[in-house]
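Colleague: I'm new to this one. Could you show me how to read it, feature by feature?

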Amino acid sequence: MTVEAHKETLEFKAEVSQVLDLVIRSLYSNKEIFLRELISNASDAAEKLRFEALSDGGLYEGDAELRIRVEADKDAGTLTISDNGIGLGRQEMMDTIGSIASSGTRRFVEALSGEQAKDSTLIGQFGVGFYSAYIVADKVTLRSRRAGVGAEHGVCWESDGRGSYTLETVEKTTRGTDVILHLKDDEKEFLDSWRLRSIIGKFSDHIALPVEMRKELYGEEAEAKKDEPPEYEQVNRGTALWMRPKSELTETDYHDFYKHVSHDFAPPLAYAHNRVEGTNEYTTLLYVPKKAPWDLFDREQKHGVKLYVKRVFIMDEADKLMPHYLRFVKGVVDSDDLPLNVSRELLQHNRKIDTIRQANTKRVLGVLETLATEDAENYGAFWDEFGRVIKEGPAEDFANKERLAGLMRFATTHSESNIQRETLDGYLERMQEGQEKIYYITADTAVAARHSPHLEVFRKKGIEVLLLSDRVDEWLMSHLTEYKGKQFQSVAKGDLDLGELAAAEEQEAKDKAAAEHGALLERLKTALGERVEAVRPSTRLVESPACLVVGEYDMSANLARVLKAVGQNTPENKPTLEVNLEHPLLKRLELENDAERFNDLGLILFDQAQLAEGGQLDDPAGFVGRLNALMLKMMAD
Ligand code: ADP
Ligand code: MG
């Protein structure tokens, strides 16, 4: 057989060198993870082969014993990680290894901020992948052949990681990939058999594939077998961790496996391991990470649950196994009942999958509830990381609305802190006698919410109000209408009806005031014209002169602002101006006879009300002009 040694030198795609630099610099204190990454790639390659071989058994080339080998050559100073998995063709080599097309590394590049300090903390969130080899090697050679093609279709890739690589067609009899690391002079510790075994034990003990190393022979035995082919022994456990009984597993086992599936450095916050028997049999091992990934709110964000069928890896990022709002959960679902040739399309409409998703959801919510009761501090940290995602839940998952609401944490007027730690159950306990509703306010920031004029009467009466300032809160409140039989009520919407909380005298006083000051209200409405729907006396205000209110079913002013900021059209709902007739400003305004001056003051009142609730003025220059004229007048008087 002749192989045409077609050799070429190619440039790395631009980002590669940049990433290489960064990877090497930031991971220096965590060097050994290169082995985890390379073994993980080898294991992916084996799983891909096993999957493709389901429809084409010929790919096994008569050898279905999948395994990974790690071999050190002290004389050559090389460490080789080889697999008999799917292998790579020439073009694939260019597309994957030469250009950062791979998922983990590419997403890392996209997140590069340029600030090195930040980058090194970021890097832990990615599988940094193949390039981590350059932490310990100054040259890397890959020899690979795709399963099922002739030996003459082997490819050899080689690079010192400095801008270019070579590709050459070679002959390779065995299928799969050998990754040969030419270790740097000061990284020769990675040739030591015990060191390697301990790293493999730490990161790769529970992957579902044997990792083998050459058997160490000593003394006479070594001498006697000198000329025989080497013997290998398995150095990891090599059984899928999730298939082992819970009683045999320690917390460390679970944590180590988490690091393998998530590529995270830190241990998980919590996990749940369950086997379900019956007509739909499956095993799940689900992890809640400590830290949110940087792209949690990216539309493209990948789900973290892998699907296996009878121990065979089927797909990553199986988004049908978890609701979208639990997309940060990592782990494994292994089904005994799904067909092995299951496709993404098939998953869409599969009753078994739906059942698994529902059960997974309940499991994770259960894990979170336990954490919340047993370890409030860690739950608080969880909430800070993932609360905004959990708040997407009620819109997506009607059935678990109430449970989700129970898991939520809020900043409220009950405490001074703007950190979200109060529960709805706590709120219910603190409700006033006669209080029927759970009151909330939405604003841009917790501080703006806390200082809004809309809260004045609530403060006066000692009624607690939820301060909502996450972007998702408007969305949340349009789907969360009640909790344990109590309705939610925005304090900035509709004609404030405090029910039994309002003393009868107050309502009477308000009606009387409206009658007595009808002329003032009329004049204000005329001055403000189309800007407002109406002008009416307020029961909300204590200290402030005025505030704006929208209709019960209108879009809140805060939501309209959020949507405008992202360039969306919003319905033009006119607000109602509510005025505090007790306020000296209004008393003075009532006496103003100069029509032009009355108009100016009316407009200032309106603009101020917008500003006080964190809004933006349509005509800021006009506002400043009117205010300045007023100040000049005052100084002249
Ligand atoms: P990731 O594993 O997140 O995709 P890597 O940088 O680790 O990123 O790997 C890049 C790509 O290179 C992989 O997606 C795969 O296509 C290919 N690859 C790496 N190692 C192997 C291997 N041993 N066998 C086959 N393909 C591999
Ligand atoms: Mg990888």
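Modeller: Start inside. Phe328 is buried, and Phe386 is buried too. Buried means under 20% relative accessible area, exposed means over 50%, and partly exposed lies in between (1.4 Å probe, protein chains only). This is a predicted model: local features need pLDDT of at least 70, side-chain atom pairs count only at pLDDT 80 or more, and totals for chains, interfaces and linings use all residues. Residues are numbered from 1 along each chain as its sequence is written, chains are lettered from A and ligands numbered from 1 in the order in which they are written, and side-chain values use heavy atoms, with hydrogens and water left out.

Colleague: How many aromatic pairs does a search of the whole structure find?

Modeller: The search finds 15. Rings of Phe, Tyr and Trp (its six-membered ring) pair if their centres lie within 6.5 Å; planes under 30 degrees apart are stacked, over 60 edge-to-face, and the rest tilted. Take Tyr308 and Phe313. Their pair is edge-to-face, 5.5 Å centre to centre, with 70 degrees between the planes. Tyr308 and Phe313 are both buried. Now back to Phe328 and Phe386. They form a stacked pair, 4.2 Å centre to centre, with 25 degrees between the planes.

Colleague: Which parts of the chain does the pair of Phe328 and Phe386 link?

Modeller: Distant ones. Phe328 is in the loop between S13 and strand S14 (330-335), Phe386 is in helix H11 (residues 376-390), and 58 residues separate them. Helices (H or I, at least four residues) and strands (E, at least two) are DSSP runs, numbered from the N terminus. Rings can also cluster. Phe130, Tyr131, Trp157 and Tyr165 are linked by ring pairs into a cluster.

Colleague: Where does the charged end of Arg523 sit?

Modeller: Over the ring of Phe598, 4.0 Å from its centre. A charge sits over a ring if NZ of Lys or CZ of Arg is within 6 Å of the ring centre and within 35 degrees of the ring normal. Arg197 has its charged end over the ring of Trp194, 5.3 Å from the centre.

Colleague: On to sheets. What is the strand order in the open sheet of five strands?

Modeller: First the general idea. Sheet strands pair through backbone hydrogen bonds, in parallel or antiparallel fashion. Two strands count as paired if DSSP finds at least two bridges between them. Here the order is S15-S17-S16-S19-S18, and the pairing is mixed. Strand S15 (411-412) and strand S18 (482-483) are at the edges with a single partner strand each, so one side of each has no neighbour in the sheet. S16 and S19 run parallel and are joined by four bridges. Lys437 has Gln487 in S19 as its bridge partner.

Colleague: How do S21 and strand S22 (residues 576-579) run, parallel or antiparallel?

Modeller: Antiparallel, with four bridges between them. Leu548 is opposite Leu577 in S22. Strand S21 (residues 546-549) is covered on both faces: Ala546 and Leu548 on one side, Cys547 and Val549 on the other, are all buried.

Colleague: What is the volume of the second largest pocket?

Modeller: About 1,200 Å³. It has 37 lining residues, and the closest to its centre are Arg471, Val472, Glu474, Trp475 and Ser478. Helix H17 (473-479) and helix H20 (557-565) are among the elements that give two or more residues to this lining.

Colleague: Last topic, the backbone. What is phi of Glu61 near?

Modeller: Most residues other than glycine have a negative phi. Glu61 has a positive one, near 50 degrees. Glu61 is in the loop between helix H2 (33-52) and strand S2 (68-73). Lys310 also has a positive phi, near 45 degrees. Its place is the loop between strand S12 (304-309) and strand S13 (312-315). Lys310 is partly exposed, at 42% relative accessible area.

Definitions and conventions
1 Å grid on protein atoms, 1.4 Å probe; cavity = no way out; pocket = protein on both sides within 12 Å on 5 of 7 lines; lining within 4 Å. Points joined across faces, edges and corners; volume = space filled by probe spheres on them.
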